[in-house]
Amino acid sequence: MFKYKVFLSVVETGSFTKAGELLNLTQSAISHAVSGLEHELGLTLLIRGRSGIKLTSNGERLMRHFREIVQMNERLYQEVALIKGLETGTVKIGTFSSVSIQWLPGIIHKFNEQFPLIELKLLDGNYHEIENWIASGEADFGFVNLPTLDVLEVLPLKKERMLCVLPSNHMLREQTTIRVDQLLDEPFIMPASGCDTDVWRIFSQHKLAPTIKYELEDDHAIMAMVQNGLGVSILPEMILVQNPYELCIRPLDGPYSRSIGIAAASLKSMAPAAKKCMNFIAEWIR
């Protein structure tokens, strides 16, 4: 079991050194564990080069099974802990920026008070990365933008408006709502690929395309660009709450929204700690 966990840490961090820091082991111990696993299986799993490490085709083929073994072992010990009256374990959660900023600080604070022996680890990424982490088993569950992958099981959480973001002195500031077609001739700041699903859906409904000037993944970078008159954008309401920028924020003329949910590979077979955390989040948000 130790060898599988070490191997996964090496692959996920991309480095023997970083894996050692994560697991509090020497680089020699990490290397010995990986070599031992390769010797045990009679296969080369990693290619070590100057540019870092890379999975062999055999390593890629076995990754899913290694994750399943580690997850089953984690579930076993969590069940034993529950039998003994303890609630313990490690939960890996995929999350994106607006959730990390607006929801997770409050959620984690309260969760840690009630369940101090359950460790939460956050994997920050875009919509597509989170879906892949859940599907591959790298994350126990994650926040997703709905609809998501068919292979995932979903618990819907909240629907929120998509809003138009303009410079504070923009000529459309006097309008109470903004039509999508009014943005076509404006330099548009688009959320980067993987974060742009909701915005493209809005334009696609009208068979229109914005004039994209910049693409940025960070919501705060987008707001800063808009504040400085470099373009306009469309962002979810959650990220715009109590933002520190001088912006003109207006509803769009239409019922445009995004839906956030929690997704897992299987809601029924989740580890006890992950299930406890998922239910806690759902109750907190509702």
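Q: Is Arg 67 buried or exposed, and how should I read such a label?
A: The label rests on relative accessible area, where under 20% is buried, over 50% is exposed and anything in between is partly exposed, using a 1.4 Å probe and protein chains only. Arg 67 has a relative accessible area of 10%, so Arg 67 is buried. Please keep in mind that this is a predicted model, in which local features need pLDDT of at least 70 and side-chain atom pairs count only at pLDDT 80 or more, while totals for chains, interfaces and linings use all residues. Residues are numbered from 1 along each chain as its sequence is written, and side-chain values use heavy atoms, with hydrogens and water left out.

Q: Which residues form a salt bridge with Arg 67?
A: Side chains of opposite charge can pair when their charged atoms come close. The test applied here is a side-chain nitrogen of Lys or Arg within 4 Å of a carboxyl oxygen of Asp or Glu, and the structure holds twelve salt bridges. In one of them Glu 12 pairs with Arg 67, with 3.7 Å between the closest N and O atoms; Glu 12 sits in helix H1 (residues 2–13) and Arg 67 in helix H4 (residues 57–83), 55 residues apart. Helices are DSSP runs of H or I with at least four residues, strands are runs of E with at least two, and both are numbered from the N terminus. Glu 12 is partly exposed, at 31%. Glu 138 also forms a salt bridge with Arg 67, the closest N and O atoms being 3.4 Å apart. Because Glu 138 lies in the loop between helix H7 (127–136) and strand S5 (141–146), whereas Arg 67 is in H4, this pair ties together parts that are 71 residues apart in sequence. Glu 138 counts as buried at 18% relative accessibility.

Q: Where in the chain are the partners Arg 161 and Glu 237?
A: Arg 161 forms a salt bridge with Glu 237 at 2.9 Å between the closest N and O atoms, and the pair links strand S6 (residues 153–167), which holds Arg 161, to helix H10 (residues 237–240), which holds Glu 237, 76 residues apart. Arg 161 is partly exposed at 40%, and Glu 237 is partly exposed at 27%. Elsewhere, salt bridges that share partners join Glu 12, Arg 67, Lys 92 and Glu 138 into one network.

Q: What span should H1 have, and which of its residues are buried?
A: Tyr 4, Val 6, Phe 7, Leu 8, Ser 9 and Val 10 of H1 are buried, and what covers them includes H2, H3, strand S1 (46–49), strand S2 (52–55) and H4. Just after H1, Gly 14 takes a positive phi of about 75°.

Q: How do the axes of H2 and H3 cross?
A: Axes are lines fitted to C-alpha atoms, for helices over the stretch in contact, with angles from 0 to 180 degrees between N-to-C directions. The axes of H2 (residues 16–23) and H3 (residues 27–41) come within 8 Å and cross at roughly 105°. H2 is therefore roughly perpendicular to H3, a term for 65 to 115 degrees. The contact (heavy atoms within 4.5 Å) involves Phe 16, Thr 17, Ala 19, Gly 20 and Leu 23 of H2, with Gln 27, Ile 30, Ser 31 and Val 34 of H3.

Technical notes
Angles under 35 degrees count as roughly parallel, over 145 as roughly antiparallel, 65 to 115 as roughly perpendicular and the rest as oblique.
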